[in-house]
Amino acid sequence: MNPADVAQSALAAPAADISLIGLFLQAHFVVKLVMLGLLAASVWVWAIIVDKTLLFARTRKEMDRFEQVFWSGQSLEDLYRSLAGRPNQAMAAIFVAAMREWKRTYESGARSFAGLNQRIEKVMDVTIAREVERLESRLLVLATVGSAGPFIGLFGTVWGIMTSFQSIAASKNTSLAVVAPGIAEALFATAIGLIAAIPATIFYNKFITQAGRQAQRLEGFADEFSAILSRQIDERS
């Protein structure tokens, strides 16, 4: 809000609009930019939260379904043939990557299988890293909004308070009618910053924990499958 305008309005003693929309419309354009940026960040944060909630739930169900099929006694060859063309979930992708390396070695007629176990573990590690990267994608946005949101809102607050003091100096009037609107605008910016930052921080911690658990589950499956393949390599050597 322009200090001269505030002073003039205070002398005329109009009733200040302290509704949320009124606070936004009366704010200085810098504070408005801060508010709009934080509102856009809040919308982005909630879009990521919804997307990640669905992704982690879907990934957990796909892992449960794959493990049920894997440990059902079905032959590895049949399972590989059914999944090779569409390994569209994390655990199946690890299985297909390992089986592909296994079959490539045996079908090429290699004389030695000394390095096969290491190569299988390597391709599974790469696949796990790729899947974890997919699970953790865009979590950096939540971390950034969670940590920087309050400070951005505080910047809007500081700017609004500076405008309020300029209004007081211009009007030479310290009545509440002059001071209150500017302070309310300033605090509104901080409130929006917290609205964006609080869910971002909560869900970042939740998702990073879930990503860690699912990564451990993938590594556990990779270790078990590596042991199965290692036994078959020893039997064929």
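Buried means under 20% relative accessible area, exposed means over 50%, and partly exposed lies in between (1.4 Å probe, protein chains only). Aspartate 125 is partly exposed, with a relative accessible area of 48%. The model is predicted, so local features need pLDDT of at least 70 and side-chain atom pairs count only at pLDDT 80 or more, while totals for chains, interfaces and linings use all residues. Residues are numbered from 1 along each chain as its sequence is written, and side-chain values use heavy atoms, with hydrogens and water left out.

**Overall fold**

- The chain has eight helices and zero strands; helices (H or I, at least four residues) and strands (E, at least two) are DSSP runs, numbered from the N terminus.
- Along the sequence the pattern reads α-α-α-α-α-α-α-α.
- Of the 237 residues in the chain, 42% are buried.
- Among contacts (heavy atoms within 4.5 Å) with a separation of 6 or more, 79% are between residues 24 or more positions apart.
- The accessible surface of the chain is about 13100 Å², and carbon and sulfur atoms hold 63% of that surface; the areas come from the Shrake-Rupley method with a 1.4 Å probe, and for residues only the protein chains shown count as cover.

**Threonine 157**

- Threonine 157 sits in helix α7 (residues 139–171).
- Threonine 157 counts as buried because its relative accessibility is 6%.
- Apart from neighbours within four places in sequence, threonine 157 contacts Ala186, Leu187, Ala189 and Thr190.

**Salt bridges**

- A salt bridge is a side-chain nitrogen of Lys or Arg within 4 Å of a carboxyl oxygen of Asp or Glu, and by this rule there are eight.
- Glutamate 67 pairs with arginine 217 in a salt bridge, with the closest N and O atoms 3.0 Å apart.
- That pair links distant parts of the chain: glutamate 67 is in helix α3 (residues 29–70) and arginine 217 is in helix α8 (residues 176–236), 150 residues apart.
- Arginine 217 counts as partly exposed because its relative accessibility is 26%.
- Arginine 81 and aspartate 78 form a salt bridge at 2.4 Å, N to O; both residues lie in helix α4 (residues 76–83), three residues apart, about one turn of the helix.
- In this pair, arginine 81 is exposed at 57% relative accessibility, and aspartate 78 is partly exposed at 35%.
- Glutamate 131 and arginine 134 form a salt bridge at 3.0 Å, N to O; both lie in helix α6 (residues 116–136), three residues apart, about one turn of the helix.
- Glutamate 131 is buried at a relative accessible area of 11%, whereas arginine 134 is partly exposed at 34%.
- Elsewhere, salt bridges that share partners join Asp64, Glu67 and Arg217 into one network.

**Negative surface patch**

- Glu121, Asp125, Glu219, Asp223 and Glu224 form a patch of negative charge on the surface.
- Patches are made of residues with over 30% relative accessible area and no salt bridge, with like charges joined within 9 Å and nonpolar side chains (Val, Leu, Ile, Met, Phe, Trp, Tyr) within 5 Å.
- Lys and Arg count as positive and Asp and Glu as negative, while His and the chain ends are not counted; a charge is placed at NZ of Lys, CZ of Arg, CG of Asp or CD of Glu.
- Helices α6 and α8 each supply at least two residues of the negative patch, and α8 gives the most, with three residues.
- Aspartate 125 lies in helix α6.
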